[in-house]
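My notes follow in the order in which I made them.

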Amino acid sequence: MAETSVEDSRGGLPAIEVRNLTMAYGSFVLMRDLNFTVSRGDIFVIMGGSGCGKSTLMRHLIGLKEPATGEILYSGVNFTRADPDQRELMLRRFGVLYQGGALFSSMTLAENVGLPLGEFTDLTPGQIREIASLKLALVGLKGFEDYYPSEISGGMQKRAGIARAMALDPEILFFDEPSAGLDPISSRLLDDLILELRASLGATVVVVTHELASIFAIANNSVFLDAERHTMTASGDPKELLVKSKDPLVHKFLTRGEEGGQSPVH
Amino acid sequence: MRIVTGKPTQGTVAFERTGDATLLVRLAGPWHLRRDVPSPALALQELDAKPPPKRVSFDASGLTGWDSGLVSFLAQIGDACRDRGVAVDREGLPAGLKRLLELADEVPEQAGARVTESKASWLERIGAVTIGYGLSLGAFLSFLGELTIAFSKFVRGKARYRRVDLLQFLQDCGAGAVGIVSLIAFLVGVILAFMGAVQLRKFGAAIYVADLVAIGTTREMGAMMTAIIMSGRTGAAFAAQLGTMKVTEEIDALTTMGVEPMEFLVVPRVLALVLMMPLLCLFADFVGMLGGAFVGITMLDLSAATYYRQTVAAVTFVNLFGGLFKATVYGGLIAIAGCLRGFQSGRSSSAVGDAATQAVVTAIVMVVVACGLFAFLFNILGI
């Protein structure tokens, strides 16, 4: 009984909580006063114009950059103040897809996916290979186990990157511009994959993107970063923001700057 | 009316004053960049001429063709007019041209966007450079510290790296370098022998060429030449590999996977080079002496047996192992320089190139400095 109550109390806490986060490069403040929470199972989108600090925010969330001030909590545990060992344990619950896939070029796809398994589990090489094949099959890359990253297309590299991010069955998946450099159809397939992963694994997903189609297709929560004012100017479900947001820039962003809902030019 | 340029195959511009203080700019002919267009300076002169115009308008009826040459010409006139408070009437221009000019004016220049070159005084520059050196020394020391921690984990068998990687690097740094090392070592042996022969023959002591080459290669040149080859070959490769991994975010990916890049990427590279350098150096010593023998036998009429006996007598245990010890240290320095510069690389293709260049420079400087220290140390120790 005691166990369930612990589980419940953890379950009640938001998956990610960001408090008064300030991001800075030296003395240049990129963003200040970021406050938002992401609930378990959310697909959370970090949106904003080019160069406003979307990817930098993600790098803060996964510990590659230290906040100038403020803190980040995962399930109520302070990630920013965690000691290195504790932080490493927390990192293992994350899966990250980098912009270019960031696959290790000297390893095959199966070795790439198997690397975290080999490092953090006691599985035999045969079992690791099995699991790597399964993860690759989940992203539609069955049979590509022994290909090197340079031998497959950009879209396939992204999907292999997702397979690697999912290797340790993470609780939170981070995607940095998943549709960058992909054609509309591949990018749509990737959106479907993200939705499926969330549904089947129950993971929380954080996506950095400025693709409107993706944002409306997958997100149920978001934050909008304003490069001019150096802070967040909106948060919540983007479909609701489109209707409700009073901020002109948020509205302009969500409607591609086309007043009166004109059909897109392209 | 004044026509300013007049070659028939070239665009022309003419200026005309009409009654109400208007400057009419007549454009005619083909305005193409390839054919050299008139300079906007002419228009500026006309704008500044007395009496100053209040309006500028255009007549493009004679224009037969245009490209960016004309757009840029008109944009500059537009800017000049704005500065002088002169109104510009673009009605007379072709529609496409008008639209392009409007587009160029649409977004005003952002305040502070232009790079203003600040003139730092020489004192300021010396200060900046000094601080830069201080910081890079700090970065070097912290890299060394992290590497030491990673190696202590490696010794305890706790470091995370792939054995395949280590074997791959051992092959790259060892067997893969034998060809180029032999070539250079042989030539250095030949050069040493020639230099010695010219002097020693004067005293009828040509046989001592064997001693010169044997001692020279085992004590200094074998280790030194191998180190310089490996700086250019392997040190640069390490920097380029790690720099590219930084650009493609592979190093970030390792970090977020909880794998320490220092253990995974740096330890196998440093270890491979440290293990292979003494072997390469031993090989270089041998080939260098062969080069000396080649000169001794073919040019100095020494018999192979004599040369061999003289060489064997000259090579001492201390010289040989002193050289191999130095080579091991050089190997560590080269690998550290390569990995450090790779980690410090920026996130662009030109930054990776810079990292590779700096890796070679750093490695060679460190090797030569170390060589000097060794000479000093060996002298004190009487080796």
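I began with a pair of helices: H4(A) passes H6(A) in a right-handed crossing. For handedness I used this rule: a crossing is left-handed if the near helix is turned anticlockwise from the far one by less than a right angle, and right-handed if clockwise. The numbering follows DSSP runs from the N terminus, with helices (H or I) of at least four residues and strands (E) of at least two. H6(A) covers residues 154–165, and its axis comes within 8 Å of that of H4(A), crossing at roughly 25°. Axes here are lines fitted to C-alpha atoms, for helices over the stretch in contact, and angles run from 0 to 180 degrees between N-to-C directions. H4(A) and H6(A) are therefore roughly parallel. The classes are roughly parallel under 35 degrees, roughly antiparallel over 145, roughly perpendicular from 65 to 115, and oblique for the rest.

I noted the provenance before going on. The model is predicted, so I kept in mind that local features need pLDDT of at least 70 and side-chain atom pairs count only at pLDDT 80 or more, while totals for chains, interfaces and linings use all residues. Residues are numbered from 1 along each chain as its sequence is written, and chains are lettered from A and ligands numbered from 1 in the order in which they are written.

Which residues of H4(A) meet H6(A)? I found Leu109(A), Asn112(A) and Val113(A) facing Ala160(A), Ala163(A) and Arg164(A) of H6(A). Contact means that C-beta atoms, placed from the backbone, lie within 7 Å. I sorted this contact into four nonpolar, one polar and one charged residues. Nonpolar covers Ala, Val, Leu, Ile, Met, Phe, Trp, Tyr, Cys and Pro; charged covers Asp, Glu, Lys and Arg; the others, Gly among them, are polar.

Next I took H4(A) (residues 109–120) with H5(A) (residues 125–138): the angle is about 120° and the axes are 9 Å apart. These two helices are therefore oblique to each other. The crossing of H4(A) with H5(A) is right-handed. On the H4(A) side the contact includes Leu109(A) and Val113(A), and on the H5(A) side Ile128(A) and Leu136(A) are among the residues. I sorted the contact of H4(A) with H5(A) into eight nonpolar, three polar and two charged residues.

I then turned to the sheet. Chain A has an open sheet of six strands in the order E6-E7-E8-E3-E9-E10, with mixed pairing. Strands count as paired if DSSP finds at least two bridges between them. E6 (94–97) and E10 (231–235) are the edge strands, each pairing on one side only. I get an average twist of 20° from one strand to the next. E9(A) (residues 221–226) pairs with E10(A) in the antiparallel sense over four bridges, and Leu225(A) has Met232(A) as its bridge partner. H6(A) packs on this sheet, touching E6 and E7 (172–176), and its direction makes about 170° with that of E6(A).

Elsewhere in chain A, E1(A) (residues 16–25) and E2(A) (residues 28–38) run antiparallel, joined by seven bridges. Leu21(A) is bridged to Leu34(A) there. The hairpin has two residues between the strands, and Gly26(A) takes a positive phi near 60°. E1(A) also pairs with E4(A) (residues 69–74), antiparallel over five bridges.

Last, I checked chain B: 11 of its residues are in contact with 15 residues of chain A.

Definitions and conventions: Contact = placed C-beta atoms within 7 Å.
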